Amino acid sequence: MLYMIYGVDGDDAERIRAETKPDHFAYLAAHEDILVLGGATLADESQVRTGSLLVINVPDRAAADEFANNEPFFRAGLFQHRTVNRMRRGQWNPDAAPKTEEGE
């Protein structure tokens, strides 16, 4: 089952993100078998990070919550708000995905 984990950055996000980034990336690498898509959300006209989005493929809600609750950014208090929602894969067109991280 697919689950979307969406977190909106809190007030001290820049510091928390900088301190926790190595642990965050190590956590994602350790769970690459379930990680479908992940990335930072950005402000429209800049590279300022506003939050994070992860899409994972796990057997059930308990597994989604376990992954989300143990994710280092969440544990460090990065997000002012976070949701975990089950989702359905509708359209799927990986060929339309950008070739670079920034969407070029």
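1. Strand β1 (residues 2-9) and β4 are joined by 8 bridges and run antiparallel, where two strands count as paired if DSSP finds at least two bridges between them, and where strands (E, at least two residues) and helices (H or I, at least four) are DSSP runs numbered from the N terminus. Within this pair, Met4 stands opposite Asn85 in β4.

2. This is a predicted model, in which local features need pLDDT of at least 70 and side-chain atom pairs count only at pLDDT 80 or more, while totals for chains, interfaces and linings use all residues. Residues are numbered from 1 along each chain as its sequence is written, and side-chain values use heavy atoms, with hydrogens and water left out.

3. The open sheet has 4 strands in the order β2-β3-β1-β4, with antiparallel pairing. Because β2 and β4 (79-87) stand at the edges with a single partner strand each, one side of each is left without a neighbour in the sheet.

4. Helix α1 (residues 13-30) packs on the sheet and touches β1, β2 and β3, contact meaning heavy atoms within 4.5 Å. Helix α2 (residues 61-70), for its part, lies across β1, β3 and β4.

5. Strand β2 (residues 35-42) is joined to strand β3 (residues 49-57) by 7 bridges, the two running antiparallel, and they form a hairpin with 6 residues between them. Gly39 stands opposite Leu53 in β3.

6. Thr41 is found in strand β2, and, leaving aside neighbours within four places in sequence, Thr41 is in contact with residues including Tyr6, Val48 and Leu53. The side chain of Thr41 also reaches the backbone nitrogen of Gly51 at 2.9 Å.

Terms used: Polar contact = N/O pair within 3.5 Å; in protein donor to acceptor, adjacent residues only side chain to side chain. Axes fitted to C-alpha atoms, helices over the stretch in contact; angles between N-to-C directions.
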